[in-house]
Amino acid sequence: MRLVLQLVARLLLIVALCLGAATVWATFDAYRSVDRATAASAQRVAQALQALYWRELLLRSSRAREHLLPVPDWRTLETMKLISPGVCVEFQPAAAFEKPLCGQSEGLGKTPPRWFAAVVPTFLGSHAEVVRPVSPRAASAGTVVATPEAAAAVSLAWEYILNVIDVALLMAAAIALLASLAIAHALAPARTIVTALQRMARGQYRTKLPRFRSMELAMIGSAVGELGSRLEEATEQRAALTRRLIEIRDDERRALARELHDEFGQNLSAILAFANTIESASATEKKHHGIAQDARMISHATHHLMASLRDALKRLRNPLPEELGLEASLVNLVDSWRSQSAARPTIQLDLRGDLADIRGPAATTAYRVAQECLTNALRHSSAREISLRIERRAGDDDALLIRVEDDGGGDAERVAQSAGFGLTGIRERVAAAGGSLSILPATRGLSVAATIPLAA
């Protein structure tokens, strides 16, 4: 999951938690606001009746104080305005058949669902009535009793919750949109850093990053640049060491080829001469027919050893590209494999591009790769057809492409993980030349491809 989406999801979770907390608080506040409205209504009506009480006391001093209230004009429209919606007020002691005076409760909020009307009073409790004396100095003046309506309190709480949820949802959507844009803008340099790391993974170590405003991203960019520089230095050092190792190994090959030619070649020639002499001497005497037969067997074995020695010397001595050039040496390599046995698989050679001027280490590397791949395909597979394709890619990306493909089956993954000397040598040579090597499954076998950059 992308980091931007993760941050936005966490932000939405926080908004949802805040929305839940705001809803609970709004429910409690709206439900208890009826208690505050009840107390305020009782206080306002008590003050109005107190004014009426003292006016009646002054105008009708002959009447007993306990009979001053209620007067017929206390239940007026002006008194109704003092009572909050959902609150009922009555005067104590009340007259016979006198009903409480209630504020307008119709249309007070939306009708809540049944579960809400049942849950809220259970958790928040019921409302208490509020009693206020008409006159603190005259207890006989009576009292005002204000009683809240439970249904009005629940409806008001539900209405308040709906309003809060609407506003909160709009805020959550706005916050999510703005936060997504802000987070995406803040993390935009991360994509540039990832792209640079991907280029480094492909071998482009000198990847310059732009300067970032954020201190943290600037530090990451600086670290990536320094890492690229060190990787390039390490790669150059490894390539130089590999080239030196290959030179030393080639020198050892040449020295070994001389030793084999001088020592084994001469000794095998001597053995062959002795065997021919024994065979010739024994052929004149019929009684030594078995000795002549043994001498012929020694001659055949010596010829076989000399042929094997010649093959080994061909592989050990300097590669043909240094003498004939890459194109001619590849043709000679394929012809030599074709001429060894008619039962061998068909080898198709496909040369593309101008290969005449390719010499030096690149030509040697290409020849060794083709030689080793053909050897492996001929010795370790049951291929009936092998394709060797050499192509020069011209232009700015001047490189040599070598592809060897066979139809002998095989497990590409197992071969790629093999630590054999042949594949190890190919990898070392291609890496020393700054190229790449891949081993992939083909239609009916394996495909080994190498890319060797050519020096400008």
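Which helix holds both Glu-78 and Lys-81, and how many residues apart are they? Select helix 2 (residues 77–81): the two lie there three residues apart, about one turn of the helix. Helices (H or I, at least four residues) and strands (E, at least two) are DSSP runs, numbered from the N terminus.

Before you move on, a word on the model. It is predicted, so local features need pLDDT of at least 70 and side-chain atom pairs count only at pLDDT 80 or more, while totals for chains, interfaces and linings use all residues. Residues are numbered from 1 along each chain as its sequence is written, and side-chain values use heavy atoms, leaving out hydrogens and water.

**Salt bridges**

Stay with Glu-78: a salt bridge joins it to Lys-81, with the closest N and O atoms 3.9 Å apart. The term stands for a side-chain nitrogen of Lys or Arg within 4 Å of a carboxyl oxygen of Asp or Glu. Both residues are exposed; exposed means over 50% relative accessible area, buried under 20%, and partly exposed in between (1.4 Å probe, protein chains only). The structure holds four salt bridges.

Next, go to helix 5 (residues 215–283), where Glu-226 and Arg-230 are four residues apart, about one helical turn. Their closest N and O atoms are 2.8 Å apart in another salt bridge. Glu-226 is partly exposed at 41% relative accessibility, whereas Arg-230 is exposed at 55%.

Now colour the five strands that form an open sheet in the order 5-6-7-9-8, with mixed pairing. Strand 5 (346–352) and strand 8 (436–441) stand at the edges, each with a single partner strand, so one side of each has no neighbour in the sheet. From one strand to the next, the twist averages 10°.

Zoom in on strand 5 and strand 6 (residues 385–393), which pair in the parallel sense over seven bridges; pairing requires at least two DSSP bridges between two strands. Look for Asp-350, which stands opposite Arg-389 in strand 6. The side chain of Arg-389 meets that of Glu-391 in a salt bridge (3.0 Å, N to O). Arg-389 is partly exposed at 27% relative accessibility, and Glu-391 is partly exposed at 25%.

Finish at Leu-351 in strand 5, which is partly exposed at 27% relative accessibility. Leu-351 and Glu-391 are 40 residues apart in sequence but 6.0 Å apart in space, C-alpha to C-alpha. Leaving aside neighbours within four places in sequence, Leu-351 is in contact (heavy atoms within 4.5 Å) with Glu-327, Leu-330, Val-331 and Ile-390.

Conventions
Axes fitted to C-alpha atoms, helices over the stretch in contact; angles between N-to-C directions.
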